[in-house]
Amino acid sequence: MIPASGGLCMFVLVNLKAYPCDPIEVATAAADVSDETGVRVAVAPQAAHLDAVAETGVETWAQHVSPVEHGSHTGSTLAEAAVDAGATGTLLNHSENRLKLADIDGSLDAADRADLETIVCANNPEQIAAAAALGPDAVAVEPPALIGTGTPVSKADPEIVTDAVSAAASVDESVDVLCGAGISTGEDVVSAGELGASGVLLASGVAKADDPRAALEDLVAPLE
Ligand SMILES: O=C[C@H](O)COP(=O)(O)O
């Protein structure tokens, strides 16, 4: 799933959550930075912004898709609608949008049906093993206490990353592992890679930055 980029092979996925940033400004910067460096960078905007973000040319991910098919499902995010809007992947079970096990499974089925790449988030290595057993393309370990703090998981709790990598591999070696929470610099990304992660999931370091382009350039600089 994760293509090589420079010396260290890392995927940088920027989740815009519901932050009051300009999604087009971030997406345009992410597309440019990805084009200029060859590093895989994707943006996950609000569902209502998928179309506009995808039009910038950046790799575009949904923040969630619902475990439903076409039908009477008011308020859902249909996987096929996300694809029509330009998404090529989806997060599932983010710490801020926890799902029941059956719903994670159902959302994975919906994503597979629509041909969306998938990353299932989890709090700890035990949950990572359970998530990997459901057959996503990747999992992302994020300790909730570090989310949005600016304190990188790769420094504050490196064992949770190495343990998550081992846990996923013990279930299915084809499932990649990302890590997230507090990642905001290129040094954090390198540390994550050295711990065995194939990518990073981050939000505030870019979405709340005064200069999102500069933040993205810093994140990928060591990967070129
Ligand atoms: O989806 C992103 C994660 O929750 C990390 O958020 P953060 O980079 O603001 O800590």
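What follows is a conversation about how the terms used for this structure are applied.

Student: What kind of model is this, and how are its residues numbered?

Tutor: This is a predicted model, in which local features need pLDDT of at least 70 and side-chain atom pairs count only at pLDDT 80 or more, while totals for chains, interfaces and linings use all residues. Residues are numbered from 1 along each chain as its sequence is written.

Student: Which residues does UniProt place under "active site", and what makes them one spot?

Tutor: The UniProt record, an unreviewed entry, gives the feature "active site" at His94 and Glu142; such annotations may be inferred rather than shown by experiment, and their positions are given in the numbering used here. They span 49 residues in sequence, yet no two of their C-alpha atoms are more than 8.7 Å apart, so they gather at one spot.

Student: Why is histidine 94 called buried?

Tutor: A residue is buried if 20 or more other C-beta atoms lie within 10 Å of its own, exposed if 12 or fewer, and partly exposed in between, with C-beta atoms placed from the backbone. Histidine 94 has 23 C-beta neighbours inside 10 Å and therefore counts as buried. Its place is the loop between strand S4 (89-92) and helix H4 (101-114), where helices (H or I, at least four residues) and strands (E, at least two) are DSSP runs numbered from the N terminus.

Student: Which residues does the "binding site" annotation cover, and how are they spread?

Tutor: According to UniProt, in an unreviewed entry, the "binding site" covers Asn15, Leu16, Lys17, Ile147, Gly182, Ala203 and Ser204. These residues are spread over 190 residues of sequence but cluster in space, with a largest C-alpha distance of 14.3 Å.

Student: How do you know whether leucine 16 and isoleucine 147 are buried or exposed?

Tutor: Leucine 16 has 22 other C-beta atoms within 10 Å and is therefore buried. Isoleucine 147 has 20 C-beta neighbours inside 10 Å, so isoleucine 147 counts as buried. Leucine 16 lies in the loop between S1 and H1, whereas isoleucine 147 is found in the loop between S6 and H6. Leaving aside neighbours within four places in sequence, isoleucine 147 is in contact with Ser95, Glu142 and Ala181.

Student: What surrounds the ligand?

Tutor: The ligand is surrounded by 15 residues, the closest being Asn15, Gly180, Leu202, Ala203 and Ser204; a residue is near a molecule if its C-beta atom, placed from the backbone, lies within 6 Å of it. Strand S8 (199-202) and H9 each supply at least two residues of this shell. The shell divides into 6 nonpolar, 8 polar and 1 charged, where Ala, Val, Leu, Ile, Met, Phe, Trp, Tyr, Cys and Pro count as nonpolar, Asp, Glu, Lys and Arg as charged, and the others, Gly among them, as polar.

Student: What makes alanine 140 buried, and where does it lie?

Tutor: Alanine 140 lies in strand S6, and is buried because 30 other C-beta atoms lie within 10 Å. The C-alpha atoms of alanine 140 and cysteine 179 are separated by 5.1 Å, although these residues are 39 residues apart along the chain.

Student: How do H1 and H10 meet?

Tutor: The axes of helix H1 (residues 23-37) and helix H10 (residues 212-220) come within 9 Å and cross at roughly 30°, the axes being lines fitted to C-alpha atoms over the stretch in contact, with angles running from 0 to 180 degrees between N-to-C directions. Glu25, Val26, Ala29, Ala30, Val33 and Thr37 in H1 meet Pro212, Arg213, Leu216, Glu217 and Val220 in H10. The residues of this contact divide into 7 nonpolar, 1 polar and 3 charged.

Definitions and conventions: Contact = placed C-beta atoms within 7 Å.
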